[in-house]
Amino acid sequence: MTGVKGAADVGATKRKAYSVRALTKTYQTSGGQVDALRGIDLDLFEGEIIVLLGPSGSGKSTLLSLLGGLDRPTVGQIWFRDGELTSLDDRALTAYRRRHVGFVFQFYNLIPSLTVRENVELVAEMADRPVAPSDALELVGLSERLDHFPAQLSGGEQQRVAIARAITKRPAVLLCDEPTGAVDSKTGARVLEAIERCNLELGTLTVLVTHNTVIAGMADRVLSLADGAVAGERTNARRRKARELAW
Amino acid sequence: MGILDRKLVRDLRRIRGQAAMIVVVIACAVATAVMSFGVLRSLAETRAEYYERYHFADVFATLRRAPEPLTEAIERIPGVARVQTRVAADAALEIDGIDEPVVGRVLSLPDRGEPAVNAVALRQGRMIAPGNAHEIVVSENFARAHGLVPGARLGAILGGHKRELAVVGIALSPEYIYALGPGMIAPDDRRFGVLWIGRQALEAALDLKGEFNEVGIQLDGSKPEAEVIERLEAILKPYGGAGIYTRERQSSHAFISSMLDQLSGVGRVVPLIFLMVAAFLAHTVMGRLIDTQRQQIGLLKALGISDRAIGWHYLKLGLVLIVLGTGLGLAAGAGLGFGLTDIYTQFFHFPFLRYKQDPAISAAASLVAAAAVAVGTSGGVRRAVSLPAAVAMVPAVPSTYRTGSWEKLGILGRLNAPTRMILRHLARWPLRAALGVGGLSLAVALQISMLFSFDALDHMINGFYSRAQRQDLTVFFADSPSSAAVDEATSWPGVVKAEGYRTIPVRVSLGARARLVNLTGLQSTATLVRLLDAELAPVRLPSRGIALSSKLAALLHAKTGDVVTVEAIGSDTRIDVSVAQITEQYIGMDAYMDLDALNELVGGGSRISGVHLLIDKSRREALYRTLKNVPTIVGISERAIVLASFHDTMARTLTIIVSFFVAFAGLTAVSIVYSGARIILSEREREMATLMALGFTTREAGHVLGGEIAILVVLALPLGCVLGRALGWVIAERLDTDLYRVPLIISGGTSGVAMLVVLLAAVISTWIVGRHLRRLDVLATLNARQ
């Protein structure tokens, strides 16, 4: 595989991927106005693993959707590299997602009518310089099940396919929303291992949303959210390996 | 309202689009059934009552002349209840301000009292004063067309003499509910009317003192009709009469019966198509609802709500649709029934005709609709009832797809992922796909089966009549004059060419099969009126032998070369003649032979019934002025007017009726596509959200939705055309009567319109559903529990 960076390089480069300033997201509901995010400022760097921790309703998934260009903020800006995401129209946001963002969701969201290989190819076909789908699947330890349909896989396997699908286009950022939320802890550890491996081998900035504090151990930095604001930030002196995590 | 009922209301609100579509299709079914059977019943009952009240005859006979005392012999025939003789003749009418030919059918009324058979219904004015020779009663629609009211006067050439007649009354007759004049193929109230006059006056005018030339008979039912006819034939034969026909062959009665048959066909077939679609929609929508509410059902059961209550809850949802659909359908059906009755009253003249809503029909239509929808929803309801609480609490097992053997051929390798998704989804639920295709193709077929009437009409007028009948005018003479009349006709102003013809009633038989038809003799050199073969190519009139119209040949089981027996009615002449030609004829079923051969058959020298004329149109008015003064002429038919009137009458009726069905078919297509698209969206919205999150545009993700619909539509369109032809064939067969045949001609335009309507319906429905996709909350959809 080419273009793979090691963890040491990540620390050395520290190029800024995202700058988030005064980010606010307000929803209008029948019960009134809900502030999901309230004036968040933060910077994210290439190659990092960031864990967003917080209870439900703290705004972590909202932040993830704004970073991924699935939604727009009410107030504030997000810069991705040198461009301002918040000024893009729908078409440009779609192009941004297509080119730079890989998503992993809690409920896998594989296409049930496509095989494992086809699910990954779906994204590879759109990319300029994709990782070969079989390599991506090998990276997550699923090279044996290429022609199976999602319904024939376990939850953990499905999630690993979702990770392979996300990284096959060599995204600049991998956004994972509760990737272990729907699997048991043993399977969850294997899913995290796959994410970690992609981060190490492809140097992808990985933002991982979870309410599971144990997972924070594998991050470079941990941002804690509460009531739509960053309540705390800490940098781990040493990233724990995913396989060492247990909950 | 209980909690479950509140849930029901909210569920209905959530699926309101699909629910509305099911309601509309049920309404279409109920409305067409109520309309068709309602009008059918109203017309049939009105006709029966009309016949009863005005003693419409069961058997009719025409003859040359017979003395009045013969009536007693007829009355003595066992099985005869009432007899009425009369004098009848055609007359050329002169109406102020109209230079076109107008034909009057002049019928005598008894000088005293009501006719025992075929009485008239006086609508305005009074009946003729006894013994008054100049008073007449005229048929209502004819009077209306010319603004005739009691007190008006009109001229008529009767028995070769011009007479001034005074209108004293306006009336209707059960014999002329559908009034066709000589040479006409559709009613034309401006050019044909019925006149009633005193018996003595008409006898005197026609030189038939103490005689009659028509008789109407009512039977008492004690003897078979055939037996009475046999005896009647024997009595009338010496008087030049055996032109006996039953009510079934009476033209007005036969036309109405044929129309009632069509209505009954429509009433049986069309609602069934709508009900099949409604059941299919109810099945898919209810099935999907249960799938999405598995966990709710489980929860409700876990909370202690019984299976029965759950079943009843979902059944109620179906019932609401049934109640709304039948309610709407009954209201629409009544409205359409009134509308259709109104259309029919333009052609059928009844003294009383009201569209009567029949509770039995409404109840039957509602029950059948309810049963169809209940069958459609029963699968879903059963599933809800049988769902164990524990199973219902866990998410449904994701759909398992398989690589089909058809994929191994490698075709799919070249297709992109969304297309593969579409094909596998279709293959995963083949029955649903097949039913969707079936429903849409029925929508195409239904339209074709109705729209083709326009093609048939066009074919009959521009294909058939323009080739078979090229004369401008046909002139009918009172008594068959000698062939010299043709030379005289040639000398009339503006006449370019004149060809004589003679038509006589004959009985044509082959073996045990016989038919009473008109035999027309044409000049061997005739070019104005030509015989056409099945491909509508002109064929030469055989100098020997007889040409039979295809319908007549089919009824007699005769083919070219067979020898048929031709018996001239009213004479003892009877010859065996070989079938030289089978010809196409859409209206009526006649036989043709050489004029000289026909005259030889009948005897009495070379005679004609009328002439076909080709005229110089710039001298049309001069010609009409001359014709008005030729006393032997009883009628003139102008081909262009006959065809235009036929076209207008048919096109007007067809446009209204066909528009209904095209609109209904369009609605059906919208409902099928809309429901299908909503279900696809509901089943696949997560997949489409995934695609959008992965960087596909909304349009690309929407391809999964639109593509599946497109495949169903693309499969349905050609299938619909094939089904449409089959349905058209069934309808054409139903319309194939002794009176007329409808050629099964389906133009590219007809198929095109039918397909376009369904295509447009599909595009509009998909666009509407597509709006939901454009508003999709991608993140919420992806994070929702499966």
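An open sheet of six strands in chain A has the order 6-7-8-3-9-10, with mixed pairing; two strands pair if DSSP finds at least two bridges between them, and strands here are DSSP runs (E, at least two residues), as helices are runs of H or I with at least four, numbered from the N terminus. The model is predicted, and local features need pLDDT of at least 70, side-chain atom pairs count only at pLDDT 80 or more, while totals for chains, interfaces and linings use all residues. Residues are numbered from 1 along each chain as its sequence is written, with chains lettered from A and ligands numbered from 1 in the order in which they are written.

- Strand 6 of chain A runs parallel to strand 7 (residues 173-177) of chain A, joined by four bridges, and A:Val101 has A:Val173 as its bridge partner in strand 7 of chain A.
- Helix 6 (residues 155-167) of chain A lies across strand 6 and strand 7 of chain A, at about 175° to strand 6 of chain A.

**The four-strand sheet of chain A**

- Four strands of chain A form an open sheet in the order 2-1-4-5, with antiparallel pairing, and its edge strands are strand 2 (32-45) and strand 5 (83-84) of chain A.
- Strand 1 (residues 16-29) and strand 4 (residues 75-80) of chain A run antiparallel and are joined by five bridges, with A:Arg21 opposite A:Gln77.

**Strand 12 of chain B**

- Five of the five residues of strand 12 (residues 473-477) of chain B are buried, so the strand is largely enclosed by the rest of the structure; buried means that 20 or more other C-beta atoms lie within 10 Å of a residue's own, exposed 12 or fewer, and partly exposed in between, with C-beta atoms placed from the backbone.
- Strand 12 of chain B pairs in the antiparallel sense with strand 21 (residues 610-615) of chain B over four bridges, and five bridges join strand 12 of chain B to strand 22 (residues 633-638) of chain B, also antiparallel.
- B:Thr474 stands opposite B:His612 in strand 21 of chain B and opposite B:Ser637 in strand 22 of chain B.

Methods. Two residues are in contact if their C-beta atoms, placed from the backbone, lie within 7 Å. Axes are lines fitted to C-alpha atoms, for helices over the stretch in contact, and angles run from 0 to 180 degrees between N-to-C directions.
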